[in-house]
Amino acid sequence: MPDKNYDVVVIGGGPGGYVAAIRAAQLGLKTACVEMRATLGGTCLNVGCIPSKALLSTSEKFSEAKHDLPKLGVKLGSVELDLPAMMAHKSKVVKENTAGIEFLFKKNKIDWLKGRGRISGPGEVTVEGDGGAQTVGAKNIVIATGSDVMPLKGVEIDERRIVSSTGALELDRVPDHLVVIGGGVIGLEMGSVWSRLGSKVTVVEFLDRVLPGMDGEVSKNMQRILKKQGLEFRLSTKVTSARVTNAGVALTVEPAKGGEAETIEADVVLVAIGRRPYTADLGLEAAGVETDERGRVRIDGHWRTNVPGVYAIGDVVEGAMLAHKAEEEGVAVAEVIAGQSAHINYDAIPNVVYTHPEVASVGRTEEQLKADGVEYKAGKFPFSANGRARAIASTDGFVKVLADKASDRVLGVHIVGPFAGELIAELALAIEFGASAEDIARTSHAHPTLTEAVKEAALAVDGRPLHI
């Protein structure tokens with residue numbers, strides 16, 4: 001017999017899992033959450049989104065103090081890096097955030113089952129912890145175990161010389177030369193951190209562009225901006241092997257389409273080629289839960305697997321691997337389990353890259369619209385023509401609004417620029433409510449603000465921007 005019975009057992013305490021547990025408890029369901037880490041919050045809060053943003057913020061301040069403030073009339077004298085203090089701040093932020101989730105569990109009377117969870121039978125979850133194993137009953141099971149680092153054949157991660165994003169957050173010194181394998185979000189963010197702190201950074205990308213999957217114009221502009229900041233790029237290049245030496249790492253690379261190999265010497269190599277769903281040892285096969293060719297759990301439109309009473313959300317299912325996407329699914333699946341209706345507009349899920357300037361997008365790219373044969377209009381406005389951007393000396397980038405040619409409904413928005421991650425919320429709301437570019441253009445935006453660039457880009461859809 002199970003040691004205890006629950007209405008809902010969530011396996012995984014990351015953004016999707018802990019939010020699902022909180023919402024289920026709010027709806028009156030007896031809820032438990034299984035988490036094998038010593039702290040709640042999953043990859044995001046412990047070794048992902050939160051610590052990386054702490055380092056991005058502090059490294060940006062360091063770079064600003066060293067290079068940019070004197071141009072604005074602020075003279076600081078000698079600016080020195082205190083890496084241990086920077087890392088201590090990062091750790092403090094992580095501790096505060098993970099402790100906050102634990103407080104929310106207590107507030108909502110959610111049981112935290114500490115250990116590794118797996119489905120051990122119909123309506124049962126077994127948790128292997130330090131104190132042994134316990135089996136609990138669950139009327140409903142939510143798989144929310146997130147994702148893990150994607151390995152690269154021939155490059156063995158040791159978290160010292162060859163690191164994943166986790167190791168890149170814990171380096172105890174600034175590498176002379178950091179090679180980043182992968183020009184996606186994680187690679188560019190962590191490359192930016194260590195470049196600002198003094199590393200030579202080389203980004204090696206298999207494809208012919210950085211930020212693959214994002215709007216092509218965005219990718220092109222961000223590569224140009226980051227190159228101006230000092231990052232070097234080796235595109236259309238594949239890594240075939242890595243060998244740890246006394247001096248660092250010898251990386252063997254060659255053209256993606258084949259050709260002569262060469263060696264790149266690095267102090268540290270960061271493997272950032274993506275993430276894969278974490279579904280190992282969950283008992284999915286024995287339980288009969290279907291997965292696809294990429295190891296993702298198959299679900300229907302209500303996050304239900306093929307096994308009654310078993311649901312899946314977040315990085316283990318198809319879709320963007322984003323913490324806030326997982327959170328939305330966590331709320332939705334709890335409401336479905338409680339008998340309510342739930343819906344997520346995946347076209348209104350924003351995506352943000354926290355480089356400087358930031359990149360943010362929501363909805364469709366120009367490439368996607370062209371591929372689908374959708375007729376559209378584009379309106380673009382540069383931050384170089386925005387008064388607030390000039391005042392804060394951050395004029396790189398633009399806002400681009402894509403709208404349906406016939407209806408003017410906003411289909412996608414892409415921003416490169418200061419605080420793009422904050423600006424994108426207005427556009428996500430616009431897409432969620434089916435707004436037109438004219439709706440945005442007719443909405444008053446405070447002056448002087450960066451949001452005026454959004455208004456101007458919406459005006460530009462109709463060919464009538466005011467300030468350019």
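What follows is a friendly conversation about a predicted model.

Biologist: What should I know about the numbering and the model before we start?
Modeller: Residues are numbered from 1 along each chain as its sequence is written, and side-chain values use heavy atoms, leaving out hydrogens and water. The model is predicted: local features need pLDDT of at least 70, side-chain atom pairs count only at pLDDT 80 or more, and totals for chains, interfaces and linings use all residues.

Biologist: How many helices and strands are there in the protein?
Modeller: Both kinds of element are DSSP runs numbered from the N terminus: helices are H or I with at least four residues, and strands are E with at least two. By that rule the protein has 14 helices and 22 strands.

Biologist: What is the radius of gyration of the protein?
Modeller: This value is taken over C-alpha atoms, and the globule rule is 2.2 Å times the number of residues to the power 0.38. The C-alpha trace spans about 70 × 60 × 50 Å along its principal axes. With 468 residues, a compact globule would come near 23 Å, which agrees with the protein's 24 Å.

Biologist: Which residue meets Arg 23 in a salt bridge?
Modeller: Side chains of opposite charge can pair when their charged atoms come close. A salt bridge here is a side-chain nitrogen of Lys or Arg within 4 Å of a carboxyl oxygen of Asp or Glu, and the structure holds 23 of them. In this one, N to O is 3.0 Å, and the partner of Arg 23 is Glu 335. The pair links distant parts of the chain, 312 residues apart, with Arg 23 in helix H1 (residues 15-26) and its partner in helix H9 (residues 323-337), namely Glu 335.

Biologist: What is the volume of the largest cavity?
Modeller: On a 1 Å grid over the protein atoms alone, a cavity is a set of points where a 1.4 Å probe fits but cannot get out; lining residues have an atom within 4 Å of a point. Grid points are joined across faces, edges and corners, and a volume is the space filled by probe spheres set on the points. The search of the whole structure finds one cavity of 30 Å³ or more. Its lining is Val 149, Ser 165, Ile 186, Val 271, Ala 272, Gly 274 and Arg 275, and its volume is about 50 Å³.

Biologist: Which element gives the largest share of the lining of the second largest pocket?
Modeller: A pocket is an open set with protein on both sides within 12 Å along at least five of seven lines. This one has a volume of about 1,100 Å³ and 32 lining residues, with Glu 60, Glu 64, Asp 68, His 356 and Ser 394 nearest its centre. The elements giving two or more residues to this lining are H3 and helix H6 (185-196). The largest share, nine residues, comes from H3.

Biologist: Where is Leu 211, with its positive phi?
Modeller: Leu 211 is not a glycine, yet its phi is about 50 degrees. Its place is the loop between strand E10 (200-204) and helix H7 (216-228).
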